[in-house]
Amino acid sequence: MKQPPIRQPLIVGLGRSGAGLHLRALRTALDRSPDAWRGPVVAVDPRPGERAPVPDGVTVTPSLEEARALLPPGRAVVHVCTPPAARLAVLTELCEAGYRDLIAEKPLVAGAGELAAVAELRARHGLRLAVVAHWPASALAGRLRDLIDPAGSTGPGGSTDPGGSTDPGRPARPGGLGRLLRVDVTQHKPRFTRSLRTDDGHPTAFDVELPHSLGLVLSLAGPAETTRARLTDLRIGETVRPGLGSALLELRHANGVRSRLFSDLTAPVRERRALFAFERGTAVAHFAPSDADDHVQLVVDGEREVFRDDALTAFLRRAYARFADVPAEDPSWAEDFALHADVVRLLDEAKRRCAETVPGARREEAPRVAAP
């Protein structure tokens with residue numbers, strides 16, 4: 001049987017995600033598996049270097065038309081690293097240019113209205129569309145999945161996934177922790193400089209950190225509906241950025257589990273922590289707070305483990321393996337899309353709830369940060 005060609009990355013958008021995260025993870029993946037992808041990396045950015053330095057070894061073009069001449073659709077895996085507010089236009093242009101294998105940053109789009117258009121693009125063009133979901137694809141999530149289902153289910157990022165994260169082994173817990181009751185996620189990070197920019201492309205705090213944790217809890221605890229949403233503004237002196245202070249989302253899952261997701265973009269320190277309360281104990285997962293260190297921690301009933309877990313690299317290796325082996329008609333692509341569609345739907349509903357609570361969408365007041 002003829003082997004499919006090794007794919008070549010095309011990165012659309014050389015900002016923080018494209019230049020700082022995807023490219024680093026691609027290079028790490030190539031170090032670990034020399035046949036993971038073929039170079040050089042081609043990128044599309046009309047203003048290269050404006051948001052992040054142009055990395056060495058990347059061929060940058062100002063337009064998709066020029067990039068297509070260098071890297072035709074049949075060889076390319078496209079990394080869509082533009083802000084969610086511009087995502088639909090970029091996906092449409094890529095489809096018109098013939099590209100069919102896409103990795104999009106999360107959230108997939110900024111709202112439910114655009115989601116229907118993306119679903120139509122996916123169906124009409126037979127897209128294989130993967131949305132960045134490295135929390136669910138992490139070894140840490142695999143450990144949590146085993147605690148929730150001691151029978152040893154394998155889901156996104158489980159130990160049987162190709163290219164999975166480093167996992168030194170999962171200790172058995174006789175008797176288990178019982179049924180999962182509650183999930184409480186804290187995602188805090190100071191994000192003043194980017195939030196103060198008017199062209200950041202992330203309209204609210206719901207669009208920044210919560211797509212990570214929302215995808216995680218949906219993949220672990222199942223479908224859910226919103227029970228409460230709250231949004232605050234970012235205030236520094238007399239400067240106000242509506243909706244970019246903090247975001248709270250509370251969910252009730254179909255199986256009865258309750259989730260609470262809270263993200264504060266004005267916090268003084270970074271924290272990415274998820275507490276899972278079971279009938280007979282607790283598990284606390286500490287995800288890597290940034291790309292500066294790929295170590296994570298898991299504390300189960302007071303017993304702490306620390307291990308390496310380069311989740312984004314694992315996710316990209318798995319995605320490239322799927323593009324090589326899994327045809328577009330395989331139901332797994334539709335299942336993935338449904339999960340990320342739920343993320344968009346729930347975030348969109350949360351934003352609408354906040355806008356309806358107070359006229360003019362001026363939500364609860366966030367603590368004012370004094371200007372220097």
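# Reading the sheets and cores

Biologist: In strand E6, leucine 129 is the bridge partner of leucine 102. In which sense do strand E5 and E6 pair, and over how many bridges?

Modeller: This is a predicted model, in which local features need pLDDT of at least 70, side-chain atom pairs count only at pLDDT 80 or more, and totals for chains, interfaces and linings use all residues. Residues are numbered from 1 along each chain as its sequence is written, and side-chain values use heavy atoms, with hydrogens and water left out. In general, strands of a sheet pair through backbone hydrogen bonds, either parallel or antiparallel. Here E5 (residues 101-104) and E6 pair in the parallel sense over four bridges, where pairing requires at least two DSSP bridges between the strands; strands (E, at least two residues) and helices (H or I, at least four) are DSSP runs numbered from the N terminus.

Biologist: Which way do the side chains of E6 point, and are they buried or exposed?

Modeller: In a regular strand the side chains alternate between the two faces of the sheet. In E6 (residues 128-131), Arg128 and Ala130 point one way while Leu129 and Val131 point the other way, and all are buried, where buried means under 20% relative accessible area, exposed over 50% and partly exposed in between, with a 1.4 Å probe and protein chains only.

Biologist: Where does E6 stand in its sheet?

Modeller: The sheet is open, with six strands in the order E3-E2-E1-E4-E5-E6 and parallel pairing. Strand E3 (58-61) and E6 stand at its edges, each with a single partner strand, so one side of each has no neighbour in the sheet.

Biologist: Which helix lies across E5 and E6, and at what angle does it run to E5?

Modeller: Helix H8 (residues 311-325) lies across strand E1 (8-12), strand E4 (76-80), E5 and E6, and runs at about 160 degrees to E5. Such angles run from 0 to 180 degrees between N-to-C directions of lines fitted to C-alpha atoms, for helices over the stretch in contact, and contact means heavy atoms within 4.5 Å.

Biologist: What is the strand order of the sheet of eight strands?

Modeller: That open sheet has the order E8-E11-E12-E7-E13-E14-E15-E16, with mixed pairing. Strand E8 (224-231) and strand E16 (303-308) stand at its edges with a single partner strand each, so one side of each is left without a neighbour in the sheet. E8 and strand E11 (residues 246-253) run antiparallel and are joined by seven bridges, with arginine 228 having glutamate 250 in E11 as its bridge partner. Helix H7 lies across E7, E8, E11, strand E12 (258-264) and strand E13, running at about 10 degrees to E11.

Biologist: Which residues touch the most other members of the largest nonpolar core?

Modeller: A nonpolar core is a set of buried Ala, Val, Leu, Ile, Met, Phe, Trp, Tyr and Cys residues joined through side-chain atoms within 4.5 Å. Of the 45 residues in the largest one, Leu144, Phe206, Leu214, Leu249, Phe276, Ala283 and Leu298 touch the most other members. Helix H7 (residues 210-221) gives the most to this core, with seven residues. Apart from it lies another core, of 29 residues, including Leu10, Leu64, Val131 and Phe337.

Biologist: Where is aspartate 233, and is it buried or exposed?

Modeller: Aspartate 233 sits in the loop between E8 and strand E9 (234-236), and it counts as buried because its relative accessibility is 1%.
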